[in-house]
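Biologist: I would like to go through this model one feature at a time. Please give the general idea before each case.

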Amino acid sequence: MKKFIFNTLILFLLSVFGGGSVVAQVDFSLHLGGSMPLGSYASSQCVHEVGGGNVAWNTESSNQAGAGLGIGLGWKVRINMPVVKGLGIIITGDYHYSYPSRDVKDYVAWKNTYDNNIFTSAGMSGVETIFEVPSYRNIPIILGFDYERTIAKGISVYGEIGAGLNFFKPTRFESSISYTTPTADSYIYQEYMTTMNYETTTSFAFQIGAGIKLSKYFSLGLHYYNLGYQRLKGNGSITSMYDDVYNADRIGFQGETLNPSMLVLKAGYHF
């Protein structure tokens, strides 16, 4: 059924834009590349002090994501529009994974060491700290147009623009510490943990890009993505254990709005 609908849609587009022509020219390609975050999506301003993580996952008043370099993969379907030579309709789907920035990673390393030293110097033993911050996942689905022009034998250039929806979901945030406190004849085990699980949110997205195509099979392009405004929200939990007594509180939360935007370098293979 899905294949029938897809084929019907292609024939409809060809009949509208191709003056009744039934000659289909469809290009399918897969892409792999790297991304560089821009603007507030890349900012963090972390400093090595208590509460110095000025990032959205650490304070509800910050719109800085602290995203770093990332990787991505995707697909693209191009349907030729015979009404204008070189013009085509494109449908793209991408998966972008952005790691925490170097600034954020340095802050995480400092905080783990600081917390460990504080509790160890206070006489606690077996101190273990975990401070794990989220990475960011974006899945934009884009519909748009591109234009391709041959400049030499086997070499062409292209430009494209499109808009659609982005699906945004950070990975989990976790902060925990565990240790034992010595007593006169034994010890007491204590553990405290805070976690935040984020919901998937959606927003308007657009992208524009240009590149070069070599022979019929390979392409290299630079693309700008603005993936809308995403509000951090979800459910969290605060748990504690004191001498085998376990307590847990679950809370909903809503933070500031983030604006994922990035430059993406794509290498593609065309079938």
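Modeller: Take a strand pair to begin with: strand 1 and strand 2 run antiparallel and are joined by 10 bridges. Two strands pair if DSSP finds at least two bridges between them, and strands are DSSP runs (E, at least two residues) numbered from the N terminus. The model is predicted, so local features need pLDDT of at least 70 and side-chain atom pairs pLDDT 80 or more, while totals for chains, interfaces and linings use all residues. Residues are numbered from 1 along each chain as its sequence is written, and side-chain values use heavy atoms, without hydrogens and water.

Biologist: Which residue stands opposite glycine 34 in strand 2?

Modeller: Strands of a sheet pair through backbone hydrogen bonds, either parallel or antiparallel. Here, glycine 34 faces isoleucine 71. Strand 1 also runs antiparallel to strand 13, with nine bridges, and methionine 36 stands opposite leucine 263 there.

Biologist: What does the sheet as a whole form, and in which order do its strands run?

Modeller: Eight strands make a closed barrel in the order 1-2-3-5-6-9-10-13, with antiparallel pairing. Neighbouring strands of this sheet are turned by 25 degrees against each other on average, direction ignored; the axes are lines fitted to C-alpha atoms, and angles run from 0 to 180 degrees between N-to-C directions. Strand 6 (residues 155–170) and strand 9 (residues 201–214) share 14 bridges, and glycine 159 has alanine 210 of strand 9 as its bridge partner.

Biologist: Which residues of strand 1 are on its covered face, and which on its uncovered one?

Modeller: In a regular strand the side chains alternate between the two faces of the sheet. In strand 1 the covered face holds Asp27, Ser29, His31, Gly33, Ser35 and Pro37. Val26, Phe28, Leu30, Leu32, Gly34 and Met36 make up the uncovered face.

Biologist: Which residues lie nearest the centre of the largest cavity?

Modeller: They are His31, Lys76, Tyr158, Glu160 and His270, out of 15 lining residues. Strand 2 gives the most to this lining, with three residues.

Notes
Helix = DSSP H or I, 4+ residues; strand = E, 2+ residues; numbered from the N terminus. 1 Å grid on protein atoms, 1.4 Å probe; cavity = no way out; pocket = protein on both sides within 12 Å on 5 of 7 lines; lining within 4 Å. Buried < 20%, exposed > 50% of the residue type's maximum accessible area, 1.4 Å probe, protein only.
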